[in-house]
Structure formats: structure tokens, C-alpha cells
Amino acid sequence: MSLTVRSATGESVQLSDTPFAQGGEAAVHAVPRFPGVVVKLYHPQVLQKRADTLRAKIDAMSSDPKLVSLKQHPGLAWPRFSVFDERGQWRGYAMRKAAGVRMNVLAHAMAYREQFPNLDRPAVVAYLLSLLGTLQELHTAGVMVGDYNLANFLCDPNSDTVTLIDCDSWQVNAAGKTFRCPVAAPDMLAPELQGKELGKVNRTLESEYFSLAILLFKALMLGRHPYDVVGGAGPVENIRKGYFPYGQGGGGIPKGPWFNIWSHLPFKLKEQLIGTFKEGAPNASARTSIPEWIDFLKLYQRELGKGWHDTQIKPANPKTKEYRGTQSISQPIAA
Amino acid sequence: MFAFANFMNTPKETTMNESHDDLIDNPTPRCPVALVLDTSGSMSGQPIEQLNAGIELFIDEVKRDDLARWSVDLAVYTAGGLADCIQSFIGVEQIVGFSPLDASGGTPLGQATRMALDDLEARKKSYRDAGVPYYQPWLVLISDGAPDYGWQDAAQRASALSAQRKLVSLPIGVQGADLSVLSQFSSKPAVALDGLKFRELFQWLSASMARVSASTSSDASVHLPSVDSWGSV
Ligand SMILES: Nc1ncnc2c1ncn2[C@@H]1O[C@H](COP(=O)(O)OP(=O)(O)OP(=O)(O)O)[C@@H](O)[C@H]1O
């Protein structure tokens, strides 16, 4: 059985018989004639319920002239055009084929070794800067990612680029309408959105900044969640409470290499993480913005280059030497 | 009944230490799975052979998944003559091999379930102490009969936890099982295994674990694959 789909203009193309990947909502097929393209076909049950909404969003995303630069963006698998089956039914869309390993494998205390055997801090920072650049362009275009699922950020092991997939779940203003982002993992979600019906609320830059800070922390800390605390409450409860164990007046940092790793991060970067996770939990305006993160990560990158910080992904001991940046402290900010 | 003696290459005492370190070095959210297996006399022959093959397959498939292997913690309890914990909770990644179970004696499923639920509580405490998030634990109970005696309290505990969504309790009946009794171990009815499709059952279980461990949040509800491949309707 071969699968053929058509574009709105009637051009038809054959898909690989079996999808090369499956998600909860859709199957993704290769296109033998165009190796750079893949086609996402929503599962029939999903189409039965939401075909019209999905189609409206995909059509708006692929046709709004304000968004053309995103269509061409090398870091995005933005929907290019809708595809239809032979009976003319809407089935999904075509997009660029993205390459790379899911960021939840990179930001993982164990799993990174296989796919990124030489992973070091400069490499992590380079991926994060690539991602931040793309996110900044999305925000400029009024697009909010909303669902910070690390499995949708693909890191190319042979370069420092990150490509974002599953763009159709994002919050987009297009063709005069707002299409919301109905999903998110609670442990990546800003406190003001916890427990809300996400299909009915707007994501804001501030809610993005909160989720982003969690992502940055996890990537810099080998998958450890910033709100993992020993002795009781899980990450979601700690998000609601704004209880972040690192920095002064904390307590409850899990045993293991985490404090060591934390101690090797530049003071200025830690200050931003602390600010966002403590004060920034209840006070959205206190969260570090993307332009600020870019500055601080570039500073980290430069200082790594000068040999000021350990480049190992998991330094064996806490930092002992005084930090050679602008701040001089004899101890890393203690727990 | 120590058929799993070389389930791993370390004796039980050090197992505990290893698991403990594991929670420190590996902060991946955990999905604990307790298998409670009827290994009474009636399971001997084909059923126990297929069950063994299924478990081996499960371990292999979880190990092959790049995220689930760091996330799934397994414990195994047998009810055959005596109730026994033949493997206390350990990361699947650390399991080296296993020797097959054999079947004999009565069916103290209640006692085996009680042990599993107690160990689950202890395991959850270790997670909290280590600051490691965890998904809803799974209790997979497989029997071709009915528990011998004194099972009601264990069934009630499992079913209450499952009603509170603190446990995914999955009683599975092999041919000859008393499904109405097994159903009392969960807030959802027991599923009858289609013939001896242990292979399909454990494939489904590993696929479910892959879904659970790939879901980014320990709080999210997960859409599991359909049980059509092994459940009979
Ligand atoms: N542009 C792409 N290039 C390469 N692979 C892709 C692309 N888009 C999706 N995939 C693959 O297909 C899988 C499913 O895609 P996607 O996450 O978009 O589906 P979904 O069903 O909407 O997801 P979810 O399960 O998160 O709802 C991804 O995990 C990825 O492996």
C-alpha cells in the first residue's frame, strides 16, 4: 500500500509506507523524492475531533506574510503547506526534515554519553545560544512556544545547532487570529499557569522566560530539575511555592554532583537563575529575559575560552579558586 | 524459589547500596514497576516458560530505549508456595541477566502483593529523600488462579491507591484465573490474557514505559498504547 498526498495546488507526492517516527498526535513520513522534506499526518482520531482547528492553524502559519521568515528559518520545522489525501481530505502538513538528538538526551545525567561522548560546557553553551537566537526571533514574530518539551528541541551532534519541531503546538498570531498552545508539561510551566486550562489562556513573554530558565538549568545541570528538592515536595509543588534550593537561604539540594556543577557556573549566571526561580516565581517581571540570557551565556562562553571555568560537563570537585570575574567570592553561593 | 538468584551479578545486600547511589547520580524521574507473579504449581509448563520469556524480553526492550532504561525501576515478587521478593527495586539498566522462574506450590498472592506495596512505599520515600521525581508506580499482577488466603486487605490497599491515582494497578488473568477476584486488586477491572501472549503483554509494558519515561513531566497523564495485542475481549 503506497501513500500519496497532494498539496492544495494538486501536486502529488509519494510518502514512505511506514512512518519514521510517531507521536501522540501524528505520524511523520519521509518523502523519497525530496529527502529534505517530511510530512506529518495526524492520526485519524485526532482529525476526527480537531481537523478544522488544526487546518486553520496550519494554513494561517504557512500563509501569513508576517511569518515568511520563520518558514525559511534553518532552526525551525515550520509548516510549509497543507497536504490532502486522494479523496481531498486534509491530513496534515509538509515541513523541513530536522536532524539531531532530542535535548532531553543531552540534558540527562546518563543518556548523553552515548550520543554526545565529548560533551563539554562550551558545547552545551553553544547549543543554548543557538536555541536562544531562534526563540528570540519567534518572540519577535509574536510566537510563544508554550510547550517547552525538550524532546522537541533537536541538537545536531555534528554542529552546535538546535532545530525546533512540533511547531504546530505553539501559540501563534496569524491571519488575524490567535491560536493557543493547549499543552505543556506541568514541571516546565510557570506558576501562574499551573492548573489552568491551557487552551484558554495566553502565554506571555514572562511565562516563556520561566519555562526557558528551567530548560537552561536542566541543560547546564545534566538534566537535574531546578526544583528537585530532597525530602518531600515534587518539582511542580516547588514551582508553585517558588522554592529553589540553590543560593543563599536555600537548603535541600540533592546529594551528588549537583552542587559541584552549580559552583562552577559563573556568579552572574547563577544570580539570574536564582532571581528567576526565587523572586521570579511569584513576580513575573523579575524573570531574566532572552536578550539578558544571551548576554550572560556569551560572557560564560568568553570566560570558558579564557580558561576561567572548568569546561568539563561534570567537574569532580567544587570550585575552590576565587571566581575571576567581577565578583569575588571565596565560596560558591552556599546552600 | 530463588530462581532469580543471578538476576543480577551482585548479591542482594549490595543491591540496596547500588540503588541508593543510583538515585544520587541519576536524577531521571523514575517509574517503579512491581511485578507480582503467580508461580504456583498450576503455572508450570508452558505458562511459566512463556512468562519467563516475557520478562526477559521486557528487560531487553526497556534497556534498548535510550530514556526508559534510565527511568524504569523493577522489583519482582513471586507467589509459589511462599511469597518472596526475588528482586528488590533496582534500575533496569543495572540488571545483568536473569535465570528463569519455576512454578510450584500454592498461591500466596495476597502476601506477595503486600510485600510489593510495602516496598513501593519505601522506594517512594527513597526517591523523596534523594529529590528524585517519580511517575505513578505500576503494580502488575499476573495469575492463572486466585489468591490462596488472606488477600482482601492487600487487594483493598492496591485498589484504593489505584482509585486515588497513586498506583497503576494492573491485574492480569491467565486462562483459568478468577477475574472477579483479581479485579478487586484495582479500581479498574482485570484484563484476561489472550492465550499465552506473555510476549505481547511485556512488549506492551515496555512500550508503555517508553511513553511514560518520554513524557516530560512526572505529573502529566500519559496516553498508553492499546492492550489489544494481548488482552482478550
Ligand atoms: N521536521 C521533522 N524532522 C524530523 N523528524 C521529525 C520532524 N517532525 C517530527 N519528527 C519526528 O516525529 C516525532 C513526532 O513528531 P511530533 O512531536 O511533531 O508529533 P506529535 O504527535 O505532535 O507529538 P506529541 O507526541 O509531542 O504530541 C518526533 O518525536 C520526531 O522524532
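Guide: D166(A) sits in the loop that joins strand 10 (162-164) to strand 11 (172-174) of chain A, where helices (H or I, at least four residues) and strands (E, at least two) are DSSP runs numbered from the N terminus. Its phi is positive, about 60°, although D166(A) is not a glycine. The model is predicted, and local features therefore need pLDDT of at least 70 and side-chain atom pairs pLDDT 80 or more, while totals for chains, interfaces and linings use all residues. Residues are numbered from 1 along each chain as its sequence is written, chains are lettered from A and ligands numbered from 1 in the order in which they are written, and side-chain values use heavy atoms, with hydrogens and water left out.

Most residues other than glycine have a negative phi. R165(B) is exposed, because its relative accessible area is 56%; exposed means over 50%, buried under 20% and partly exposed in between, with a 1.4 Å probe and protein chains only.

Helix 4 itself covers residues 152-163 of chain B, and its 12 residues should span 16 Å at 1.5 Å a residue, which agrees with the 16 Å between its end C-alpha atoms; the expected span is 1.5 Å times one less than the number of residues. Its buried residues are A154(B), A155(B), A158(B), S159(B), L161(B) and S162(B). They cover an arc of only 160° around the axis, which puts them on the same side of helix 4 of chain B, the arc being that of the directions from the helix axis to the C-beta atoms. An α-helix has 3.6 residues a turn, so residues three or four places apart point the same way. The face turned away from this buried side carries the exposed residues Q156(B) and A163(B), whereas the buried residues pack against helix 3 (109-130), strand 4 (138-143) and strand 5 (168-173) of chain B, a contact being heavy atoms within 4.5 Å.

Strand 5 of chain B, one of those packing partners, contains G173(B), which counts as buried because its relative accessibility is 3%. Leaving aside residues up to four places away in sequence, G173(B) touches S143(B), L179(B), L182(B), V191(B), A192(B) and L193(B). From G173(B) to D194(B) the C-alpha distance is 9.1 Å, across 21 residues of sequence.

As a setting for these details, chain B comprises six helices and seven strands, in the order α-β-α-β-β-α-β-α-β-α-β-α-β along the sequence. Of its 233 residues, 56% are buried, and among contacts in chain B with a separation of 6 or more, 79% join residues 24 or more positions apart. The chain exposes about 9,100 Å², of which carbon and sulfur atoms supply 51%, with accessible areas taken from the Shrake-Rupley method with a 1.4 Å probe and, for residues, only the protein chains shown counting as cover.
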